[in-house]
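Colleague: I would like to learn how to read features in a model. Can we take them one at a time?

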Amino acid sequence: MFSTLKGKTVLVTGGSRGIGRSIVILLARHGLNVAFTYHRNEAQATDLIESLKSEDVNIRKYKMNLEEEDVIYSVVGEIEDDFGGIDYLVNNAGIIKDNYMMLMDTKDWNKVLSTDLSGSFLLTKEVLPLMLAKKGGAIVNITSIAGLIGVAGQTNYCAAKAGLIGLTKALAKEVATKGIRVNAVAPGYVQTDMISGIDVNSKILEKIPINRVALPDEIASVVLFLLSEGASYITGTTIEVDGGLTN
């Protein structure tokens with residue numbers, strides 16, 4: 001099922017840590033050429049490449065700020081030059097700036113929307129022509145159950161992630177006849193730096209039928225499936241990976 005992925009090129013945003021790092025490692029180990037982006041922490045990006053140095057993988061890092069359209073254009077051009085095109089895209093990068101709406105600064109609202117939603121729009125728009133030229137491809141957007149159920153104190157994040165689900169559904173219909181599939185993955189609580197400041201206490205765990213948070217690798221495996229031929233008849237779908245929390 002995954003053999004057809006070998007030698008293809010995937011771009012993963014926010015690939016230096018957390019869920020993104022697990023996605024990068026898993027895809028590279030399945031024979032894909034992996035281009036991943038990072039924003040600030042070059043040391044983490046370099047460490048990721050070094051950790052895979054002993055393995056037969058093709059992986060490169062690129063610095064990108066999803067709020068800067070000219071940077072997005074430039075980086076996509078670099079990746080096209082380095083790998084000869086882009087077959088798959090994983091829009092994973094995202095940030096949080098939590099606060100109750102009455103207390104939320106407009107700058108924090110705009111920052112999260114521009115990174116988590118508009119950034120995915122700008123990058124996808126830039127990559128789509130490369131997929132159209134190859135007459136096929138797949139896009140996976142990492143959203144969140146927050147965009148499905150709402151979370152107090154995260155109106156900006158929830159709005160961005162709900163918007164990403166809407167983008168997924170609409171774009172899937174636009175490009176289905178072009179051989180391009182577009183899906184989303186909505187993780188629940190995942191053991192990453194992003195939830196390190198959240199008290200995942202017994203009350204939260206009681207709401208999760210599996211009674212634990214997810215590991216980043218468990219999200220990565222769903223992304224791998226959605227890129228593969230095993231998901232060839234799946235598009236416009238959001239897969240919830242939340243241990244049953246939203247059931």
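Modeller: Start with Ser-120, which lies in helix 4. Helices (H or I, at least four residues) and strands (E, at least two) are DSSP runs, numbered from the N terminus. This is a predicted model: local features need pLDDT of at least 70, side-chain atom pairs count only at pLDDT 80 or more, and totals for chains, interfaces and linings use all residues. Residues are numbered from 1 along each chain as its sequence is written, and side-chain values use heavy atoms, with hydrogens and water left out.

Colleague: Is Ser-120 buried or exposed?

Modeller: Buried means under 20% relative accessible area, exposed over 50%, partly exposed in between (1.4 Å probe, protein chains only). Ser-120 has a relative accessible area of 3%, so Ser-120 is buried.

Colleague: Which residues does Ser-120 touch?

Modeller: Contact means heavy atoms within 4.5 Å. Not counting residues up to four places away in sequence, Ser-120 touches Asn-91, Thr-115 and Leu-164.

Colleague: Where is Tyr-62 found?

Modeller: In strand 3, residues 58-63. Tyr-62 counts as buried because its relative accessibility is 4%. Leave aside neighbours within four places in sequence, and the contacts of Tyr-62 include Ala-35, Phe-36, Val-75 and Asp-82.

Colleague: What joins the side chains of Tyr-62 and Asp-82?

Modeller: A polar contact of 2.6 Å. The term means a pair of N or O atoms within 3.5 Å; within protein, one must be able to donate a hydrogen and the other to accept it, and residues adjacent in sequence count only if both atoms are side-chain atoms.

Colleague: Now helix packing. At what angle do helix 1 and helix 8 pack?

Modeller: Axes are lines fitted to C-alpha atoms, for helices over the stretch in contact, and angles run from 0 to 180 degrees between N-to-C directions. Helix 1 (residues 18-29) and helix 8 (residues 216-227) pack at about 50 degrees, their axes 8 Å apart. Therefore helix 1 is oblique to helix 8. Angles under 35 degrees count as roughly parallel, over 145 as roughly antiparallel, 65 to 115 as roughly perpendicular and the rest as oblique.

Colleague: Which residues make the contact?

Modeller: Among them are Ile-19 and Leu-26 of helix 1, with Ala-220 and Leu-224 of helix 8.

Colleague: What about helix 3 and helix 4?

Modeller: Helix 3 (residues 69-83) packs on helix 4 (residues 106-134) at about 35 degrees, with axes 10 Å apart. Residues that meet include Tyr-73 and Val-76 in helix 3, and Leu-123 and Val-127 in helix 4.
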